[in-house]
Amino acid sequence: MALQSEADKRLIQDHFNDLIKACRKNIKEADIASIEKAFEFANKAHAGVKRRSGEPYIIHPLSVAQIVISEIGLGTKSVISAILHDVVEDTDYTLEDIRDLFGDKIASIVDGLTKLAGDFDSSQAENFKKMLLTLSDDVRVILIKLADRLHNMRTLDSMPPNKKLKIAGETLYIYAPLAHRLGLYAIKTELEDLSLKYEHPDAFEKISFQLRDKEEHYHYLVDQFIKPIETKLKEEGIKFAISARPKSIFSIWNKMQKKGVSFDEIYDLLAVRIVFSAKDETSEKRQCFEVLALVTDIYKPKPDRIRDWITIPKANGYEALHVTVMGPQGKWVEVQIRTARMDEIAERGFAAHYKYKGEGDSRESELDRWLNRIREMLQNPESDALEFLDEFKLNLFSSEIVVFTPKGHMKTMPKNSTVLDFAYEIHTDLGNKCIGAKINHKLVPPSQVLTSGDQIEILTSDKQKPMASWLNTVITAKAKTKIRDAFKQDQKQHIEIGKKELEQTFRKYNITLSSQTLKKVIEYYKLANKEQLYSQLGLSLLSLDDFESIFHKKSDNLLVKYWKLTFNRSKNKEELNDENAGKFSSLDRKKPFILEEDPEHKEYALAKCCNPIPGDDVIGYLASDDSLVIHKTKCPEAIKLMASHGDKIIAAKWTPFKTVSYLTHLQLRGFDRVGVVSEITAIISKEHNINMRSVKFETHDGIFEGELFLYIHNTLDLTNLIFKLMKIKGVDYVDRMEEIQE
Ligand code: MN
C-alpha cells in the first residue's frame, strides 16, 4: 500500500468532515459510526491511487456520497454504498468482504453499482439495459449511479477529448432524461449544462457570457414583478419565499436551436416561483388556488394557461400550479405555485416522494406506475438492447394522458397511445380481437390516437387476429410485447415468407445469394442472424428499400450521388477494404482528428443524416468497415452513437476550408411583398463565396416560403449570409435544414 502525503491526508479528511456535517442533519447519530467505518475501509482500499486529475481516488466516492446525502436526500445505506461503490471494481477487495463487513443490503447495492461500472465499449446499450434491470431491484442503485455520473461530469476536464465526448454524449442521451424522469430537476439541469459545455464549448461560453451580462437587468425585472405579490401575501399572513432563476444554459441553447430564435427572445421570458408553508386546516390544493387568486388579482392571467399539476401530478411526481400572467412590462411571466412539500418533490424527486408518501398511503403513484411499465418492458425477452433503449427513451419522454373505461374507471396512458394500446392495457384478448372502439360514443378505428378525457369502449370480433402493421400502431411496450407474442406462435410461417422475399430481392438485383452476401445484409441491418432477418422481413418489420446501397450499386438517387461526391473511398471500397484494414484503429484517439481539405484523398465521409459543413461542431464515428463518418455533434444519430458506441467516437476539428464547397439547404419564410424574392437572390449572387444550385419559392395567403440549395465553403460564410437575409424587410425566418434532399 502506498503512503499518502500529508497534504492528501488533509484533503481527504476535509472532504470526509464535510460529508459527516451534511449527514448529521438527516441521519441518526448511531448511524454515523457505520459511515465512518465505511470511509476507513474505502480509504484503505483506494490508498495510493490517484484520479486523472491528480487527486487521491477516495475523493471521488466521498463526493458521490456527498451528492447522495445533500442533493438527493437519501439515507445511511445509500451514503455507505456510495462510499464503497468503486471498491469491488477497482481494488482487490471482493463483494464477500463487503457483505461480511456491511451486510446483505449494502452488498447488493454495491453489486448493482459494480455491474454498471467500467468502460462499456460497444455493448453500452446492453449495460443500460442492465442498469434498468436494477431499477426493479432497488431504485437506490440508479440514484447513486446518477450521483456518480454527476461527479464524473463535474470533473470531466482532466479526461482526453474523445472520452469527454463519449461521457458527455451518454449523459445527454440517457442520464439526464433518467434524472428528469426520477424527478431530480436540479441534477438533470446540471447534467445537461455540463454536457453542452463539452459538446458545444463555444455555444456554452457565449450563452454563459450573455447570462452574466444580463444578470442585473434580470433581477430588476424580477423585483418589479414580485413586489406587489410579496405585499399581498404578507397581508394574508402567508409564510412564503419567491424565487426566480434564469433558464438553464442548455434549455436556452435547446430552444434557440429548435425554434430558431435569438437569445433575447428566450431570455426575456421570466418564470417566478412561489413556495409557501401550507397550514394544516385546509387541503394544500385549496391553499395553492388561494395563492393563485391573489396573484391573478394583481396580474391578468393568460386564458387557458392555468396548469393544475396537483389534481393529477406529472408522471415523475411533480405537483404545482402554473399560471402565465401579464407582467408590468407587458411581457408574459410564468408563475409556479407550490407548497414546501411539493417543492421538495420537485427539486429532489424520487427520494422526497417516498419520504412523504408515508404509511397508510397505498395509492399507486404515477412513479410506481412508470416503474411497473419499465418492468414490463424488461420482461420482454425478444427486444435486443438497442431496441430496448429506444423504447425506453420513448417512455422517458412521453407525458401522460388520462382516459376512462365505459364504467368510468380512470387509466393513465402515455401520450399518443392509440385505441389498440388501450385495448391491450385492459386485457390481452381485448387487444388481440380489437376491431375498433367507440370513443365518447363515436365509432373510431384501432389506430385512433387517444386524447385526455376520452371514454373508450373497445369493440371486438372473434375473427380478428393481430396484424404486423399493428406494431406501428401501438406505442406502449406492453402492447408491442403482446402482439409479438401472438406472432411467435406462427413464426415459422413468417420465416418462410421472409426467406422467399429475400431470395426474390437477390434475384431482382442479380446478386448471388451466398453466406458472404447474406452476412452483409445481416450486418447492414444490425441483426443477429439470418433467422432474425427472415422473420423481420416476414413480419414486414424490415423493408429492403435500400438493398442496393448495401452492395454499392449505381443509383440515380440524388442523395446517393452526392454521398459519393463526398465519399471517394466508396468507389472501390471492395479493394480498399483489405489494405485499409486497421487504418483508423491505429489513430491516436486522445487527440482530435483534424479534418483537412483535400478532395483527392479524403479520409472521411460526411454523414448524410445531418450534412455537416466546415465550421460545424462535429464528431467522428469509426464505422464497422473502418471508415470515418463525420456527424454534427448535435445530430440525433450522433448522440445515439456516442451513447451506444462511445468507444468508436473520435473528437474531430476542421481546418479552415476555402476551396471545396458543400451543398446546404436553407428554409426561409416571411411576408410576401413585391421584390422580396429578387432581393434574396441578389444578395446570394453577390456573395462570391456562395453558389446557388436551386431556389424555389411558394406563396400563399401573403406568406412566402423559400427553399434554397446552395454550395457553401464553411459555417462562417453561411452565418454571414443568414445574417444578411434576416435583414431583408419582410424576411421573418431563415433556418438551415439537416436534410439536403431536394
Ligand atoms: Mn465512480
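Author: Along the chain, the donors of the manganese ion are spaced as H-x24-H-D-x61-D. Donors here are N, O and S atoms within 2.8 Å of the metal (3.2 Å for Na, K and Ca); water is not among the atoms, so sites may look incomplete. The model is predicted, so local features need pLDDT of at least 70 and side-chain atom pairs count only at pLDDT 80 or more, while totals for chains, interfaces and linings use all residues. Residues are numbered from 1 along each chain as its sequence is written, and side-chain values use heavy atoms, leaving out hydrogens and water.

Four residues coordinate the manganese ion at 2.2 to 2.6 Å: His60 and His85, each through NE2, and Asp86 and Asp148, each through OD. Helices are DSSP runs of H or I with at least four residues, strands are runs of E with at least two, and both are numbered from the N terminus.

His60 is buried, with a relative accessible area of 1%, and His85 is buried at 2%. Buried means under 20% relative accessible area, exposed over 50%, and partly exposed in between (1.4 Å probe, protein chains only).

Eight of its nine residues are buried, so α4 is largely enclosed by the rest of the structure. The buried residues of α4 are Thr76, Ser78, Val79, Ile80, Ser81, Ala82, Ile83 and Leu84.
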